[in-house]
Amino acid sequence: MSHLHINTPLLQHRRLSAMLGQSVWLKMENCQPSGSFKLRGIGLMCQRDAAQGARQLICPSGGNAGFAAAVAGVALGIPTTILVPLTTADSVRQAIQAIGATLLVEGQVWDETNQAALRLCEQPGYVYIPPFDHPDIWDGNATLIDEVAGQLDFDVVLCSVGGGGLLSGVVQGLQRNGLAHIPVLAVETEGAASYHAALAAGQCVTLPAITSIATTLGARQVSAHALALAQQHDIRSVVVSDAQAVDACLQFANDMRSIVEPACGATLAVAYQNLPQIREFQRPLMVVCGGIAADLVKLSTWKSQFNLT
C-alpha cells in the first residue's frame, strides 16, 4: 500500500545551530500535501478504513486534522465530510471545501462538533476519523521517525502536543527503531497545556477553556494513551507563552522562508529562546509540524498583538 504522505525534507537549521552551539535539525512536516504532519496518521487510517469498505469518511476538526482527512478522502475517491465548530476561521473552511470535501458547521465548540460527527457515523458505511486518538493515527505518525532513523544521529526530539497524536507517534517511532532511550520534549503553550496538567495530576484532566492563540493545540483533554506513555518513556513537558510561539514563527519565516502556525512555533520557541530544557543536548531534532491556520496577514496581526519587533 503506497502512502498518501510524502517523505519530508530533513534540514539543518544553520543559524540556530551556530547560535546554540548545537547541531539543530528540522523534520519539515509543513511540506506535507495537507500542510501538516496530520496526513501521516489520518491518511493511514483512511486507507485502512477504505480497504475495509468505508463509503463515507467523517472527521470532526477545526483545522489540520479535517484538512488532512479531506486530502485523504479526495485521494482515495471516498466522499468525505468535515465537521467544524463555529469558531473555525473562514480561511480554513474555504480550504477544506476547495479540495472537494463536504463541510458542515456544527456546534459552538469542538465537543459539540464531535457529538454531531458521532451521530452521522451511526449510518452504515460511515466511518469516524478522530483528530488524534487512534492506534492507526499513532502508527502513521510514527513514520516520520522511521524516515529519520539511521539517517541522522539525534539525541532528543521536540514536538508540539495538542491531543497527543503526534507525541504518541514520535514515541512509537523511537521505540520501533531501537531508539527508546532518546528523550522527547513535549511542548505546549500556556492556555492549551492539557498534557502538562495531566502529568502534574497523574491523570487526564479537562481544561476549563482554551485561552491560547495556538488553537490547534486546543484539546481540553489529552489522550489517555499519550499520558500513559510518560510511564514508559522519558517525556519532558515544556510550556511556552503565546508571545514566544509567535516570535518563533516570525523568526522561522525569516530563517527558513516558511510559514508555520503558533502551534508549531511552540516547539521552535524552545530553541529560539534557548530554554534550559534543550541545553543538555547536542543534536536536537525538531518536528516542524506545520499547520494551515497561518498566513502572512495573521503573522503580521500576531506580531502587532504581542508588540514583537
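Is Asn307 buried or exposed? Keep that in mind as you open this predicted model and start the tour at its end.

**Stop 1: Asn307.** Select Asn307, in the segment after helix 13 (296–305). Asn307 is exposed, with a relative accessible area of 68%. Now look at its backbone: Asn307 is not a glycine, yet its phi is positive, at about 55°.

**Stop 2: Arg257.** Next, pick Arg257, which sits in the loop between helix 11 and helix 12. Arg257 also has a positive phi of about 55° although it is not a glycine. Its relative accessibility is 69%, and because exposed means over 50%, Arg257 counts as exposed.

**Stop 3: helices 11 and 12.** Show residues 242–256 for helix 11 and residues 262–272 for helix 12. Two packed helices are described by the angle between their axes and the distance between the axes. Here the axes come within 7 Å and cross at roughly 85°, so helix 11 is roughly perpendicular to helix 12. To see the contact, color residues on both sides: helix 11 contributes Gln244, Ala245, Val246, Ala248, Cys249, Gln251, Phe252 and Asp255, while helix 12 brings Pro262, Gly265, Ala266, Leu268, Ala269 and Tyr272. Sorted by class, this contact has 10 nonpolar, three polar and one charged residues.

**Stop 4: Ala75.** Finally, jump to helix 3 (residues 64–76) and select Ala75. Ala75 counts as exposed, at 53% relative accessibility.

Conventions:
Residues are numbered from 1 along each chain as its sequence is written. This is a predicted model: local features need pLDDT of at least 70, side-chain atom pairs count only at pLDDT 80 or more; totals for chains, interfaces and linings use all residues. Side-chain values use heavy atoms; hydrogens and water are left out. Helices (H or I, at least four residues) and strands (E, at least two) are DSSP runs, numbered from the N terminus. Buried means under 20% relative accessible area, exposed over 50%, partly exposed in between (1.4 Å probe, protein chains only). Axes are lines fitted to C-alpha atoms, for helices over the stretch in contact, and angles run from 0 to 180 degrees between N-to-C directions. Angles under 35 degrees count as roughly parallel, over 145 as roughly antiparallel, 65 to 115 as roughly perpendicular and the rest as oblique. Contact means heavy atoms within 4.5 Å. Ala, Val, Leu, Ile, Met, Phe, Trp, Tyr, Cys and Pro count as nonpolar, Asp, Glu, Lys and Arg as charged, and the others, Gly among them, as polar.
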